[in-house]
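This report walks through one protein chain.

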Amino acid sequence: MAMAAASCYFSSLSSAITYRGSLPGLGRLPTPRDLPFPLNLKSRQKRASKKGFSSSSSAKTSRDKGKTISQKKYPGRSKDERPYPFVDGDRNRGYAGRSESRAFGFGLQRKEKKGFDFTEQQSQTESGNFQDAAFLNAVVKVYCTHTEPDYSLPWQKQRQYTSTGSAFMIGDGKLLTNAHCVEHYTQVKVKRRGDDTKYVAKVLAKGIDCDIALLSVESEGFWRGAEALQFGRLPHLQDAVTVVGYPLGGDTISVTKGVVSRIEVTSYAHGSSDLLGIQIDAAINPGNSGGPAFNDRGECIGVAFQVYRSEEAENIGYVIPTTVVSHFLNDYERNGKYTGFPCLGVLLQKLENPALRECLKVQSNEGVLVRRVEPTSDANNVLKEGDVITSFDDVHVGCEGTVPFRSSERIAFRYLISQKFAGDVAQLGIIRAGEFMKVPVILNPRVHLVPYHIEGGQPSYLITAGLVFTPLSEPLIDEECEDSIGLKLLAKARYSLARFKGEQMVILSQVLANEVNIGYEDMSNQQVLKFNGTRIKNIHHLAHLIDSCKDKYLVFEFEDNYLAVLEREASMAASSCILKDYGIPAERSSDLLEPYVDLLTDNEKEEQDFGDSPVSSLEIGNDGILWA
């Protein structure tokens, strides 16, 4: 993963987890709060953020505790003088510990297609004998050049930087690495062990939620004499594990050993999601991101991607298991692109208390209570608040929200959901008002009101009379200071739910001073709610309203009834002058040039207050409540 500086988050959400894996140049990545951090090495330090970042009292604290480790290179310095790389905490904007749909994979999915074989095969090496093993040659070094958008000035990009990470061959001309290793990439190159030639690689797919990326190399010379790795099954506790990659401390391949410490649903920092993860005690350092982890028979059991860094814990690294890798590859093959892990879209509560179960007419010691259903989920058409989910595809759900896992283990109910693909149908057994019934629910990826990552890389923006509007996103929050965003807006961003697909929280990012906007110059980072009395659904809707406006005045309504009024004709006349004075190429992003299409047809939803459906901090932080 790329190395990055920690970003602004609630101090109460600050995490002591650190990701190490890929080695990028000194770039910035958002710091995950309650999640481990990715590890790629970055080679060039990115410019400091415009405003001081600090998730708690200081930026230093957030950098020390919650960062992704990436290997960075510094021009004009020897290796010995190179500073110790930070964790990639600021590149991965979605690392903040948010409540999200969580998915996990259990057993290994078998795949017969060439290159994606997840069945057990003959061991490639004798147990414990890794010296000069042929499969080590399948591990390659990744060199990536990143150019990250400037979310505060959305019409431009930041200065590029480089990073290094690891990847490995899986056959059929493809490689696997971490998504955070190639985030915002402009160029990706790979180099084999013992080779001096770097080959250009193409990114075929990126799974932000599972932190996996699929690469391909067209050059035949790169694949000459290469052997793909074989995937093994999910390991057991105390099984030996060996992590291979190209971390900091040298340029050649590195091997570290340990054992499997834990297997459970784990927070994935890069995508702020929860999927099945393997915890190990083998050292994972910046630059290890994307490298394989082997069992003692030389089979790949997963992909190294993050570590947990804390003063109270040591040797906690994480590996993406082959079950999650298999899901990613199958998804890509089935759809020609990666669509993501689905979620149920409900807020659940445990039913440990006997009186609570009796009140809900639940006879047995099982089930979880549906406290809330996301308006954008398909479950909203099937489930109701107060329903009790007792089974998922005929697998009984315990009162603590767990289901059977392997022979004598239990795991979070969300794991079953992660085994599904987008569009799949699940049969839920529910108790409603004391009556048992089965209902079908379509599973799809969750819709985020405030996205963790911007699709396409460049954020949307609209400039009207010097007022710069842009959708609120996690990368923008990371780039701005907590004080400048405001606690009220931060709370809405953290806890509100989207009421319909396509909804956005549009904010006034800043005001480019001009005679036409006198008196508004100090406004910044405020959510705009209405334009000329019409509620704003998203930034494309705002652009449509302004373009079609025939009134004398442009009236923007913000939080707490704050108004900004501009004369329409004067505003239109001043636009070209403002763009020229500030060196801005266009008054809006290219995506806003397309005709506006209103996808919201439900009049009842339109009457509601968009983006004003907060989830309380109790619901986010209580162990008895979880999102499925």
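## Surface and overall make-up

The accessible surface of the protein chain comes to about 25000 Å². Carbon and sulfur atoms hold 45% of that area. Areas come from the Shrake-Rupley method with a 1.4 Å probe, and for residues only the protein chains shown count as cover.

This is a predicted model: local features need pLDDT of at least 70, side-chain atom pairs count only at pLDDT 80 or more, and totals for chains, interfaces and linings use all residues. Residues are numbered from 1 along each chain as its sequence is written, and side-chain values use heavy atoms, with hydrogens and water left out.

## Fold content

The protein chain has twelve helices and 31 strands. Both are DSSP runs numbered from the N terminus: helices (H or I) have at least four residues, strands (E) at least two.

Of the 628 residues, 59% are buried (under 20% relative accessible area; exposed is over 50%, partly exposed in between; 1.4 Å probe, protein chains only). Among contacts (heavy atoms within 4.5 Å) with a separation of 6 or more, 70% join residues 24 or more positions apart.

## Nonpolar cores

A nonpolar core is a set of buried Ala, Val, Leu, Ile, Met, Phe, Trp, Tyr and Cys residues joined through side-chain atoms within 4.5 Å. The largest has 91 residues; Leu 176, Leu 344, Ile 389 and Phe 413 have the most contacts inside it. Strand E14 (residues 300–310) gives the most to this core: six residues.

Another core lies apart from it, with 34 residues, including Tyr 461 and Phe 531.

## Tyr 553

Tyr 553 sits in strand E29 (residues 553–558). Its relative accessibility is 41%, so Tyr 553 counts as partly exposed.

Beyond residues up to four places away in sequence, Tyr 553 touches Asn 532, Val 565, Leu 566, Glu 567 and Arg 568. The C-alpha atoms of Tyr 553 and Glu 567 are 4.6 Å apart, although 14 residues separate the two along the chain.
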